[in-house]
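Visitor: I am new to this structure and would like to learn how to read it. Please show it to me.

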Amino acid sequence: MSDSPKFAFIMRGVPGSGKSTLTNIMSNAYKMLGFDVAVHSVDDLHTSEDGIFFWDENLENERYQKNFENFCQSCDEGRDFIFCDAINLQKKDYNKYIEYA
């Protein structure tokens, strides 16, 4: 569906507020409709291959930067729907996603 409009969803909220749940519901619905969807979650970057989540504060800035780089790559690839699943509480955190999209 490459001729369709493109959308970026920048999720914002405190931990446990439902960002990941809403992202999963929406992204799965768009995938079922045949759209090209990318989800970029900071939590996924803190999860091991065997599914164990561990927040490492020493890697926090690196993981947020990697999430942004992955988001930008999906924009450059022309994905139909792109989700950024991160807390993004401050304008400086989410504004770069908006500007790039």
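Predicted model: local features only at pLDDT ≥ 70, side-chain atom pairs only at ≥ 80, totals over all residues.

Guide: Residues are numbered from 1 along each chain as its sequence is written, and side-chain values use heavy atoms, with hydrogens and water left out.

Visitor: How many strands form the sheet, and in what order?

Guide: Strands of a sheet pair through backbone hydrogen bonds, either parallel or antiparallel. Helices (H or I, at least four residues) and strands (E, at least two) are DSSP runs, numbered from the N terminus. Two strands count as paired if DSSP finds at least two bridges between them. Here 3 strands make an open sheet in the order S1-S3-S2, with parallel pairing. S1 and S2 stand at the edges with a single partner strand each, so one side of each has no neighbour in the sheet. The twist averages 10 degrees from one strand to the next.

Visitor: Which way do the residues of S3 point?

Guide: In a regular strand the side chains alternate between the two faces of the sheet. From S3, Phe-81, Phe-83 and Asp-85 point one way, and Ile-82 and Cys-84 point the other way. S3 is mostly covered, with 5 of its 5 residues buried; buried means under 20% relative accessible area, exposed over 50% and partly exposed in between, with a 1.4 Å probe and protein chains only.

Visitor: What does helix H3 pack against?

Guide: H3 (residues 60-77) has 18 residues and reaches 26 Å from its first C-alpha to its last, close to the 26 Å expected at 1.5 Å a residue. The expected span is 1.5 Å times one less than the number of residues. The buried residues of H3, among them Arg-63, Asn-67 and Ser-74, pack against S1, S2, helix H2 (42-45), S3 and H4. Just after H3, Gly-78 takes a positive phi of about 80 degrees.

Visitor: Which residues make up the largest nonpolar core?

Guide: In soluble globular proteins, nonpolar side chains tend to be buried together. A nonpolar core is a set of buried Ala, Val, Leu, Ile, Met, Phe, Trp, Tyr and Cys residues joined through side-chain atoms within 4.5 Å. The largest one has 9 residues: Val-42, Tyr-64, Phe-68, Phe-71, Cys-72, Ile-82, Cys-84, Ala-86 and Tyr-97. H3 gives the largest share of this core, 4 residues. Leaving out residues up to four places away in sequence, Phe-71 touches Ala-8, Ile-10, His-40, Ile-82, Cys-84, Tyr-97 and Ala-101; contact means heavy atoms within 4.5 Å.

Visitor: Where does Asn-88 lie?

Guide: Asn-88 is in the loop between S3 (81-85) and helix H4 (91-100). Its phi is near 45 degrees, a positive value in a residue other than glycine. Asn-88 is buried, with a relative accessible area of 2%.

Conventions
Axes fitted to C-alpha atoms, helices over the stretch in contact; angles between N-to-C directions.
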